[in-house]
Amino acid sequence: MTTDALSESPKQASVLKNLDAVRAMIKRHKLNDYIFSAIGLLALMLALLTLITLFTDLVIDGHERFNLDFLSNFPSRRAVNAGILSAWVGSALIMLITFITAVPMGVAAGLYLEEYAPKNWFSDLIEINVTNLAGVPSIIYGLLALSLFVYIFGLGSSILTAGLTLGLLILPIVIVSTRESIRAIPAAIREAAYAVGATKWQVVYDHVLKYSYGGILTGVIIGMARALGETAPLVTIGAATYIAYLPTSPISSTPPFLNFEWLSSDFTAMPIQMFNWLSRPDHAFHINAAATGALIIVVTLLMNGTAIYLRYKIRKNIKW
Amino acid sequence: MNTATTMLTPSIDLTISPRLAKNVRRNIKERIIEFILMLAALSAVATTLSIVGVLLYESLSFFKTVSVVDFFTDTQWTPLFEDAHYGIMPLVSGTLTTSAVALALAIPVGTIAAIYLSEFASHKTREIVKPILELLVGVPTIVFGYFALLFLTPILQKIFPDLPGFNMLSAGLVMGIMIVPYIASVAEDAMRAVPMSMREGSYAMGATRFQTAVRVVTPAAISGIVAAYILGISRAVGETMVVAVAAGLEPKLSFNPTESAATITSYIVQVTQGDLPHGSIGYQSIFAAGLVLMAMTLCFNVIGHLIRKKYREHY
């Protein structure tokens, strides 16, 4: 035994030494874990901090203009009197057209791709197109609209052109969200409807569409928020920078109660107005830009927030 | 589908029963609806075709005046000046420089955020952070432009006193912040698709979270992560308002981010802001610039999708 112990003692020592080394290594690696956790959290905080800084900055810079006059005044040469009446009315009307065109088209396309399309090269082609369109820079849509809508179709730089352009722009968003929410519906629902003799369209319209309603709505809201903030394509198709009148009202008090003159009216929109003020060297106009930016960001954050909340709710409530 | 025809053949008397007639009507209606839905889906193809068509058509008239060689070799871009030069390179250099600055920020931050979200964050943290990232994606670019010009640039000017009021550095950095959530979410999706068993195997060998994340999960998800980078590049290249507001509008062949320069997108914005006669060379030049932009983003998008599709591991 003694001889053994004697011969093993250096070995034991080295084991002990190794153990210490292993412990040190574990400690080091644990430390690495903590360090990376901290860095990761920091990286995420960058996003959050930017969002907060951005908003605070706009509010601080623009707070002087937070009053009703700013909403009810036309743009003016004097920054203090300038307002965004024509801009927000323009934005609202453009959004109306965008909604009317993009939503039915997008939902219909999504339904076709998910429920009807046969599995062949033709469907693949459409699918690749939709994915690709989502990656096309928005300014390219502006170029398309400038050549096609403004000149070839002769629609001019009008509210109609602007609405159609943004409609095309958000079409992929609507299609993708429609498809995703349709895909979440279990086949059993469809089979049950077919079993009682429903036609394909009855299945799609009465069941698939009804149950995917919430998910589609989420996508539509996100798309509309995107359209509201888009600037580049509207500049490209020739947004007016100074409009001191409103388009004729779409609703009139005399029959036929609706008129469509406003469609061909010149347009401006909130982001356009902001861009215009931002491009001026005079700092007084930057205050206006900040106030407009704060308003845009509040509206888009509210819209996106609603959409995210809605999706969260739907995900929680669905129990197939 | 063809109940009407199959039921017609065996019937002996040729008068159509009311029920059959109803079936026929129903079938026709079904077909019409399917056709309408298909037309809607085809609108996507039509849009792509018209984009390509319009860009090619308008650029073609541009290239009747300007030789393709000049377009790619001339180092000046002054289509609206008396002494007109049509070299796209200054615009491309501006585009690449701002994008490079953006990616220098977005790739490390986005990757770290993705690794953290996928491997370190608790379920609760993820539930809070992901919506915030999505909100950041939803912020309009013009607002980021304001942020770059009137918030970040003054701060940067305190660090680099020589920095001009319009510069590519500030625009690029803000673009980078814009792209972070995008890269983070695509990369995170790729990492979460890596099966749990691989992580468990790694933990069983005594690896820490960090080791597992960096040596096991990241290599397994590398194709998705690279695809996220490439899609991020295509985002940066096509970004418009931030550069139009904050980077300056003077085309300059320079890769120095502390200078001001125009990009392809900001050139298009600058030209279309003014009154431009339809069919003039200036008007055609924005389509030629657009064609180059489209080619660049299309390349990146296609490469990104191919990488994701080809190297996607099927676990």
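In chain B, the crossing of H4(B) and H9(B) is right-handed. The residues that make this contact are B:Ile115, B:Glu119 and B:Phe120 on the H4(B) side, with B:Arg209, B:Ala213, B:Val217 and B:Thr218 on the H9(B) side. The model described here is predicted.

**H4 and H9 of chain B**

- Helix H4 covers residues 89-120 of chain B, and helix H9 covers residues 209-220 of chain B.
- The axes of these two helices come within 11 Å and cross at roughly 110 degrees.
- Because angles of 65 to 115 degrees count as roughly perpendicular, H4(B) and H9(B) are described as roughly perpendicular to each other.
- By class, the residues of the contact between H4(B) and H9(B) are four nonpolar, one polar and two charged.

**H8 and H9 of chain B**

- H9(B) also packs with helix H8, residues 196-204 of chain B, their axes coming within 10 Å and crossing at roughly 155 degrees.
- An angle over 145 degrees counts as roughly antiparallel, and H8(B) and H9(B) are therefore roughly antiparallel to each other.
- The crossing in which H8(B) passes H9(B) is right-handed.
- From H8(B), the contact draws on B:Met198, B:Arg199, B:Ser202 and B:Tyr203, while H9(B) contributes B:Thr212, B:Val216, B:Val217 and B:Ala220.
- This contact of H8(B) with H9(B) consists of five nonpolar, two polar and one charged residues.
- B:Val217 of H9(B) takes part in the contact with H4(B) and also in the contact with H8(B).

**Chain B as a whole**

- Chain B has 13 helices and zero strands.
- The radius of gyration of chain B is 27 Å, well over the 20 Å that the globule rule gives for 315 residues, so chain B is more spread out than a compact globule.
- The C-alpha trace of chain B spans about 95 × 70 × 35 Å along its principal axes.
- Of the 315 residues in chain B, 47% are buried.
- Among the contacts in chain B with a separation of 6 or more, 71% join residues 24 or more positions apart.

**The interface between chains A and B**

- Contact between the two chains involves 70 residues of chain A and 72 residues of chain B.
- On the side of chain A that touches chain B, helix H1 (residues 2-62) of chain A supplies the largest share, with 18 residues.
- That side of chain A is made up of 45 nonpolar, 21 polar and four charged residues.

**H5 of chain A against H2 of chain B**

- Helix H5 (residues 138-152) of chain A packs with helix H2 (residues 18-65) of chain B at an angle of about 70 degrees, and their axes are 9 Å apart.
- That angle makes H5(A) roughly perpendicular to H2(B).
- H5(A) and H2(B) cross in a left-handed sense.
- In H5(A), the residues A:Ile140, A:Leu143, A:Leu144, A:Ser147 and A:Leu148 meet B:Ser50, B:Ile51, B:Val54, B:Leu55 and B:Glu58 in H2(B).
- The contact of H5(A) with H2(B) comprises seven nonpolar, two polar and one charged residues.

Definitions and conventions. Residues are numbered from 1 along each chain as its sequence is written. Chains are lettered from A and ligands numbered from 1 in the order in which they are written. This is a predicted model: local features need pLDDT of at least 70, side-chain atom pairs count only at pLDDT 80 or more; totals for chains, interfaces and linings use all residues. Helices (H or I, at least four residues) and strands (E, at least two) are DSSP runs, numbered from the N terminus. The radius of gyration is taken over C-alpha atoms; the globule rule is 2.2 Å times the number of residues to the power 0.38. A residue is buried if 20 or more other C-beta atoms lie within 10 Å of its own, exposed if 12 or fewer, and partly exposed in between; C-beta atoms are placed from the backbone. Two residues are in contact if their C-beta atoms, placed from the backbone, lie within 7 Å. Axes are lines fitted to C-alpha atoms, for helices over the stretch in contact, and angles run from 0 to 180 degrees between N-to-C directions. Angles under 35 degrees count as roughly parallel, over 145 as roughly antiparallel, 65 to 115 as roughly perpendicular and the rest as oblique. A crossing is left-handed if the near helix is turned anticlockwise from the far one by less than a right angle, and right-handed if clockwise. Ala, Val, Leu, Ile, Met, Phe, Trp, Tyr, Cys and Pro count as nonpolar, Asp, Glu, Lys and Arg as charged, and the others, Gly among them, as polar.
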